[in-house]
Amino acid sequence: MAISEAPRPGVESPAMGRTRSDVSGFVRVLQYSAVKLVSIAVAVVIAVYLTILVANMGGYVDQMRIATIKENVGMWVYQAEEFRHLSGAEKRELIDQFAQVQIQALRLDQPFPIRSLRYLWNGLTLNLGYAEGITSDSGSRQVQHILLERLGPTLLLQASASILVFVTALFMGLALSRGYGSFLDRLVVALAPTSSAPAWFYGVFLILIFAALLGWLPFGGMVDAPPPPNKFQYFLSVLKHLILPVAAVFTSTIFASIFSQRTFFLIYSSEDYVEMAKAKGLSDRAIERRYILRPTLPTIITSIALSFITLWVGNVTLEQIFNWPGLGQLFWLASRAVDTPVIVANTIIYAYLLAITVFLLDIVYAIVDPRVKVGAEAQSN
Amino acid sequence: MNRVVKGFKDLAQYPSAIAGLVLISLFVALAVYAMVTMPLGQAIELWRGSGDVWQYTPRNAAPAWLNVFPGINKPVTMDFNTANMPEAKTVEEIAPGMWEVRVSFPFDFTYDEFPTEINVFTTVRNSTARPFFSMRWLTPDGREIPLGDVDLRASESFRLGQDARLTRRLGGRPAHMGLFADPNASEAVPLKGRYELVAEALVFEPDTELDVRLVVYGQLHGLAGTDHRRRDLTVALLWGTPIALAMGLMGAIGATVTTMAIAAVGTWYGGWVDNLIQRITEINMMLPGYPLLIMIGTLVDRNLLLLTAIWVALSIFSASIKSYRAMFLQVKEAPYIEAAKSYSASNMRIIVQYMMPRIIPVLVPTFVGLVPSFVFFEATISVLGLGDPLLPTWGKVLSEAQDMGALHNGYYYWVLAPSLLLVFSGAGFALLGFALDRIFNPRLRSL
């Protein structure tokens, strides 16, 4: 997980912070939250602006738009009946006039720095606009329709894979931390490096085995062509297409996830208070629930939350390999076709989701972990 | 010296380290072999395949070593050229001012299946008049099939399989089947035995040189097979090795060392420097990595070095900088740093000589572990269609296989060879990194 280390306030020993009055604590929380909110907002604005700069190629995309407008207007003027009597020079002037109207309507005559700020404002206010060339399957050119149509497949693929990995890793991690040093434990440790290969790479092998050689499962796509008319059959068909991509994500991440969860639980289960609980004769389940899972909760929440956000952009390569009609593939298509509005919209929503989550995580930490304290002392850490 | 020896002794205790080192040395040897036997310029030229460099290799042929498996006996490419085998050519003066050049290529065909193509190429030098040229095909059962005659220009290629008249004469089968088919069998089965191509030419000048080349294109070819553009995959697989290793090492060095240095500077100076680094990291985390790379790759440039540099830059300001920062915060408070401050050591001295060495034990395993991810990075961007436009790499072989539907069409070798190279190189570094982690961070050993 690339960004599991979310910015978080300092953690100190549980004994501290109990003596402070609740009111000043509350003020501190507000103050801290405000500062945090501003800094995250600034980060979002800068990130979105950077994306706009890149996606517009520093203004070059608008040059291309202007050229396209001129070309289209030119074609129209030269072909139209009513302008046939005009001379070449008159036609050219007419073309310039018409093109200028369109360019002004799109406000492409403004210098790029100003235009880019307008794009930024439109983006930040979620005024996503219209795509250049990409349409949704229903034929709409509105970016929000295109994104919404693609969101479902991506959510289906990534969420089912994430949940599967998360639940398996959690339970296996707990089990292995209990049976530390067993054969299974050592096997998982040895297999952890398999995660350095990306999911699409395992996808290629899975396609080779289960689609090409055995012919049990489809090569790619999300549903049979033509799609089955019956709802239930449709569901089964999607399920059949889902197996291989989910399996690819699962194989590529599972061992590293189990390994990190297990190590994590091991560290926490060697704490003194766990020994104490054991000495008191508490059952293994109670110890796990109260003394191991509870303090690891913030980290677990972070990792699950962040893994859900990153799925917004989808796994571009995986969706490409499996021809999965999700957001990742959309992003790829949009970049290929230089469809700037789609690219920018996708990034903005990603940045917003990430920002909101990072902000909320801080609050959630404070709720689930009483040791977290915020404010002035936290800064000194 | 002693420390190096001790280090190796430590490593030798871990089987995974030995396996990793063996794999890495194999790949290094392969990389050196590639660089020694073929200069990069030549490899790029070959891989671009301009002109007729790849005329003489079959299309989409599997590796030739598949024939060692029982039950597989497919034809391998056979290439006969009078330029290399002068004994196949005889010249005789049959009349004043008229010479007969006779070329004969006898060969044994013992395979169970048909070749994929059969072509004859001729070149004529030092001739003002066009030589008169005719070819015959002799089969093991004594039949003689005329393949036509023609006046030769300076260079000709006869694609016998596309000759419609010949196909009709062979009973509707293209030449690469019809010439080899058993006439008595009801189905198309090749007849095994000694075939011979006889080509005769009448030339009218004494110094005219005529070369004939017969290529019987196999279903199998070379060590790694060929792709849809007839290119021998060994070129890309061989040269992909040094490129992958260089990518992996450069990327990993860039990502680890730079990240560590920036984290150290930030922690040491604190204040706005540290704050700035933190903010840049937060902004960077908002940017979606691969999508940004796709944009830059399609809109700006697909140069592999540029994309890697961007990827490294993106990964510098990521979660790892935060964990290095946490480590440096502890180091900063250590008494020996206090001591250095008290005798007024310079900031640079403290950062480079006192703080950074403390993190090396964490850095080395991370570095080795990062190498495979940068090797796979090249493959990933290639699959996304952002592969370097010039360099022959493993990723590009894989992405072309993917684009050409290699798995649908059963060209498994095309996908497997680059994938396995990726897996084994990745595994080599991962295994070594894993062992190094245990040696450098003994705390983990108890876990």
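The largest share of the lining of the second largest pocket, 6 residues, comes from α2(A). This is a predicted model, in which local features need pLDDT of at least 70 and side-chain atom pairs count only at pLDDT 80 or more, while totals for chains, interfaces and linings use all residues. Residues are numbered from 1 along each chain as its sequence is written, chains are lettered from A and ligands numbered from 1 in the order in which they are written, and side-chain values use heavy atoms, with hydrogens and water left out.

**Chain A**

- Chain A has 14 helices and 0 strands; helices (H or I, at least four residues) and strands (E, at least two) are DSSP runs, numbered from the N terminus.
- Of the 381 residues of chain A, 46% count as buried, where buried means under 20% relative accessible area, exposed over 50%, and partly exposed in between (1.4 Å probe, protein chains only).

**Second largest pocket**

- This pocket holds about 800 Å³ of space.
- Among its 30 lining residues, A:Arg65, A:Tyr119, A:Tyr130, A:Glu132 and A:Pro341 are the closest to the centre.
- Two or more lining residues come from each of α2 (60-79), α3 (88-105), α4 (112-124) and α13 (340-368) of chain A.
- By class, the lining has 16 nonpolar, 9 polar and 5 charged residues; Ala, Val, Leu, Ile, Met, Phe, Trp, Tyr, Cys and Pro count as nonpolar, Asp, Glu, Lys and Arg as charged, and the others, Gly among them, as polar.
- On a 1 Å grid over the protein atoms alone, a pocket is an open set of points with protein on both sides within 12 Å along at least five of seven lines, a cavity is a set where a 1.4 Å probe fits but cannot get out, and lining residues have an atom within 4 Å of a point.

**Cavities**

- The whole structure contains 2 cavities of 30 Å³ or more.
- The second largest cavity has about 40 Å³ of space, and α6 (233-269), α7 (271-286) and α10 (319-332) of chain B each give two or more residues to its lining.
- α6(B) supplies the largest share of that lining, 4 residues.
- Residues lining the second largest cavity include B:Ile262, B:Asp274 and B:Arg325, and the lining divides into 4 nonpolar, 3 polar and 2 charged residues.

- A:Leu53 lies in helix α1 (residues 22-55) of chain A and counts as partly exposed because its relative accessibility is 31%.

Conventions: Points joined across faces, edges and corners; volume = space filled by probe spheres on them.
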